[in-house]
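Reader: I am new to this structure and would like to understand what lies behind the words used for it. Could you take me through them with care?

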Amino acid sequence: MYRAKLLNRTYSYLFLLIGLLIFIGPLLWLISTMLKTQDQTYVFPPKLLPDPFTLSAFTRLFETMSLMPRWIANSFSVSIINGLGTILTSSLIAFGFARTKSRLRSWLFVVVLATLMIPSQVTLIPMYILFSKIGWYDTWLPLTIPVLLANPYFIFLFRQYFLTLPRELDEATYVDGGGYWTIYSRVVLPLSGPIIISGFIFSFVFTWTDYFTPLIFIQSEKLQMMSVGLQLIMGKNSQDLPMMAAGSFLALLPIAVIYFSAQKYFVEGVVMSGIK
Amino acid sequence: MIRKWREDGAFLLFISPWIIGFLAFFVGPAIASLVYSFADYNAITKPIWVGFDNYAKLWSDEVYLKSLRNTLYFVFIGVPVTVGFQILLSLLLNIEVPGIRFFRTLYYLPYLVPPVATVIIWLILFGSGDGVVNTILLWFGGAQIDWMGSEGLIKPVIITIGMWMSGGSVLVFLAGLKGIPSSLYEASRIDGAGRVRTFFSVTLPMLTPSILFTVVMQIIYYFQMFTEAMLLSKGGPDYASQTYMMNTYQVAFRDLNFGYAMAQSWVLFVIILLITVALMQSSRRWVYYEGDEKGGSNG
């Protein structure tokens, strides 16, 4: 019996390690590549540990792509704006759906869910035409305003959380003479720490990794985001693997830092939106 | 009565940001795209109304048809393969051994890698001459493979990207697995069912709500596939990885044929709608909901 269990456990670890190789191996290889010289990437057979290792890829990256710091700063700005803005608008909207007693709630919420299903392509081109006409093209507004006003995912996420808070709290506030605004700002928000953090993180990550929206709506390289900047690196230096790896690493780093320091909130957010 | 009106007023006030956004960024654009799909329109000169020409043209547009077939390949082959893989992974990560949290944390990480960075990683891994994958194949006595240049292989290679980013779905499945009452496993053990039998008659039926959710999310992912196909192989070779979204993007922003692109968007919307409705309809037969005697296997 004991032996069988030990054997089982050995197999479990074996499979877990194979999986680890698949999921983390490519990232380790990315880090290895960015620490090599260009010549080292052509060495056969390839080596995981660069010998000697060098940071020259980063030097080349910042020399040939002089806008790199700008792109990183742009991505940070827009991601933070979207993160904070999402908390504000989604919590207000979700509060309306979760806590008021209006008769319109349920069918309008079906409309919100329906917009989750509509592919963004359908509205994308008219939005491009609209934004061109009202002077929003080549500004950050198309990257932020639609996310803040109409992102069904975050409305759904916040509503799910608000529904878990006991309704007696509302009643008590109401009896004390407080209206919905008091309930929202004094009762519900102070209890919503975890979902506020999850909402910020998710909105930040979505904006940071989004490639398509800036590709369509931003033209000036100065205003561009890191994701499109990375593609510009690919376009100009597709032979320089270490430099491309260095750029990818910089694009990944902030997300990885957030993930490892706030992992609990990632899990909570996904699970909250996932089921029921 | 007044109380009710006040309730509606408060509700509408709270959701007013969404109402503005919904009208400006969903309803307005959707109507505009439907209207312009019947026109020759380049956003600069005035639209010329052409009736159903844009829709009729689709049937003889070879590149369009190929992009549609590619996307359906992703949906009908990529989705089942990816979801099956994700279920196996979540079973593996559900084993309670010391250190399992460490594995769960790291398996999730690829899900967060920005798509452009993922493409760069894949270019490094699957490079034709000196890529790591080819080197490993060579060690095992295999041949060098031109992954990006092969019409038959490029789509599977792109699917491996989706599989690598399984983390999000795996979390959903893990939560689903946690929700299965242990009494069911005990009952199954008492009945003398083996592991495989238990998986098919307890675990899988109890996971069906998570499976439905994940399948819908994966369908949306593969229908909107853009970045990976665009940057990894530029839709090639010979349009073998041209996806629907990529094709529409090029028709709009490269050819400035906005009317035609909007017709394509609407056709895609109808296709997604039909597939989703069919899936939801069929789900009544295969998704198990607690308290619902008809669904699932109770035997």
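Author: What follows is a set of questions and answers about a predicted model.

Reader: What makes chain A more spread out than a compact globule?

Author: The secondary structure of chain A comes to 14 helices and 0 strands. The radius of gyration of chain A, taken over C-alpha atoms, is 24 Å, whereas the globule rule gives 19 Å for 276 residues, and because the value is well over that of the rule, chain A is described as more spread out than a compact globule. Along its principal axes, the C-alpha trace of chain A spans about 75 × 70 × 30 Å.

Reader: How many of the residues of chain A count as buried?

Author: A residue is called buried if 20 or more other C-beta atoms lie within 10 Å of its own, and of the 276 residues of chain A, 42% count as buried.

Reader: Which domains is chain A divided into, and how far apart are their centres?

Author: The division gives domain 1, at residues 2–59 of chain A, and domain 2, at residues 67–274, and the centres of these two domains, taken over C-alpha atoms, are separated by 33 Å. In contact with each other are 10 residues of domain 1 of chain A and 8 residues of domain 2 of chain A. On the side of domain 1 of chain A that touches domain 2 of chain A, the elements giving two or more residues are helix H1 (2–34) and helix H2 (56–64) of chain A, with H1(A) giving the most, at 4 residues. By class, that side of domain 1 of chain A has 5 nonpolar, 4 polar and 1 charged residues.

Reader: Why is the largest nonpolar core said to lie between domain 1 and domain 2 of chain A?

Author: This core has 140 residues, among which A:Ala245 and B:Ile120 touch the most other members, and its largest share, 10 residues, comes from helix H13 (residues 241–261) of chain A. Domain 1 (2–59) and domain 2 (67–274) of chain A both give residues to the core, and therefore it is said to lie between them. Leaving aside residues up to four places away in sequence, A:Ala245 touches A:Leu30, A:Thr33, A:Met34, A:Ala57, B:Ile120 and B:Ile124.

Reader: How many residues of chain A are in contact with chain B?

Author: Contact here asks that two C-beta atoms lie within 7 Å, and 72 residues of chain A are in contact with 67 residues of chain B. H1(A) gives the most to the side of chain A that touches chain B, with 14 residues, and by class that side has 50 nonpolar, 18 polar and 4 charged residues.

Reader: Which residues of chain A does UniProt annotate as "transmembrane region"?

Author: The annotation, from an unreviewed entry, covers residues 12–31, 71–95, 107–131, 143–162, 183–206 and 241–262 of chain A. In the model, residues 12–31 of chain A are 100% helix and 0% strand, with end C-alpha atoms 28 Å apart, while residues 107–131 of chain A are 92% helix and 0% strand, with end C-alpha atoms 30 Å apart.

How values were computed:
Residues are numbered from 1 along each chain as its sequence is written. Chains are lettered from A and ligands numbered from 1 in the order in which they are written. This is a predicted model: local features need pLDDT of at least 70, side-chain atom pairs count only at pLDDT 80 or more; totals for chains, interfaces and linings use all residues. Domain bounds come from an automatic or database domain assignment. Ala, Val, Leu, Ile, Met, Phe, Trp, Tyr, Cys and Pro count as nonpolar, Asp, Glu, Lys and Arg as charged, and the others, Gly among them, as polar. The radius of gyration is taken over C-alpha atoms; the globule rule is 2.2 Å times the number of residues to the power 0.38. A residue is buried if 20 or more other C-beta atoms lie within 10 Å of its own, exposed if 12 or fewer, and partly exposed in between; C-beta atoms are placed from the backbone. UniProt positions are given in the numbering used here, feature names are shortened, and annotations may be inferred rather than shown by experiment. A nonpolar core is a set of buried Ala, Val, Leu, Ile, Met, Phe, Trp, Tyr and Cys residues joined through C-beta atoms within 7 Å.
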